[in-house]
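Subject: Structure handover

Hello,

Here is the structure I promised you. Please open it and keep it beside this email as you read.

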Amino acid sequence: MSETDYLGRRCVPLERARGRQHDALLFPKLSHRMDSINRQQPEDNRADLRGADAVERIRDLVEKAGTCFFCTAVSVGDSGATRPMSVREVDEDGHLWFLSASDSHKNREIAEASSVRLFFQASEHAGFLTLTGHATVSRDRTRIKELWTPVLKTWFTEGEDDPRITAIRVAPTGGYYWDNKHGAAIAGVKMLIGAAIGKTLDDSIEGRVAP
């Protein structure tokens with residue numbers, strides 16, 4: 001609860017003040033930079049997320065998308081440091097797991113610079129997510145077996161015991177998402193009504209994620 005000092009002025013407990021400072025650093029106010037389309041929205045269409053809420057949003061969008069563009073900071077091959085990758089798992093900490101060949105350009109690039117950026121698209125008009133983070137490569141056979149699926153034998157012809165298999169863990173440091181609040185059907189209806197009456201009725205929601 002708030003307290004007052006000896007002059008009767010309202011004081012905020014130190015723990016709450018620190019929390020507000022932390023939130024302000026993570027999510028600086030953007031209202032003064034809103035563009036004209038966002039200013040026309042009759043509904044609140046922004047929600048910055050952190051902690052467990054951010055992890056939940058990341059897991060939901062990543063599981064729907066399944067694959068992403070996996071971008072490394074440097075390029076040593078013809079891929080231009082960007083390639084599609086299938087996400088094998090998003091764990092409870094919001095870390096993303098992939099399987100990769102030990103001699104791939106991707107692994108070599110991660111060894112040079114661990115910073116990566118991931119781009120997801122869960123559906124045609126919604127479920128967009130971009131994440132920045134740091135990648136680490138592991139040869140933990142137990143973890144590899146947990147992430148293994150038989151279809152991967154197309155690339156790892158010796159199966160789950162193929163010595164070339166490595167596990168890549170990406171720990172997100174931040175990101176941004178765009179989605180619908182109530183699903184594609186309601187979003188479509190709102191757009192049709194908005195177009196008919198000449199008003200911006202957008203069911204979108206967007207914001208930063210900080211796991």
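Predicted model: local features only at pLDDT ≥ 70, side-chain atom pairs only at ≥ 80, totals over all residues.

Residues are numbered from 1 along each chain as its sequence is written, and side-chain values use heavy atoms, with hydrogens and water left out.

Aromatic pairs come first. A search of the whole structure finds 2 of them. Rings of Phe, Tyr and Trp (its six-membered ring) pair if their centres lie within 6.5 Å; planes under 30 degrees apart are stacked, over 60 edge-to-face, and the rest tilted. Phe70 and Phe98 have ring centres 5.1 Å apart and planes at 90°, so they are edge-to-face. Phe70 is in strand β4 (residues 67-72) and Phe98 in strand β7 (residues 96-101), so the pair ties together parts 28 residues apart in sequence. Helices (H or I, at least four residues) and strands (E, at least two) are DSSP runs, numbered from the N terminus. Both Phe70 and Phe98 are buried. Buried means under 20% relative accessible area, exposed over 50%, and partly exposed in between (1.4 Å probe, protein chains only).

The other pair is Tyr176 and Trp178: centres 4.8 Å apart, planes at 50°, so tilted. Tyr176 is buried at 17%, while Trp178 is partly exposed at 36%.

Now the cores. A nonpolar core is a set of buried Ala, Val, Leu, Ile, Met, Phe, Trp, Tyr and Cys residues joined through side-chain atoms within 4.5 Å. The largest has 25 residues, and Phe70, Phe98 and Phe120 are among those with the most contacts inside it. Elements supplying at least two residues each include α3 (52-65), β4 and β7. The most comes from α3, with 5 residues. Another core, of 10 residues, lies apart from it and includes Trp97 and Ile144.

Last, look at α3. Which of its residues are buried? They are Ala54, Val55, Ile58, Leu61, Val62 and Ala65. Just after α3, Gly66 takes a positive phi of about 80°.

Best wishes
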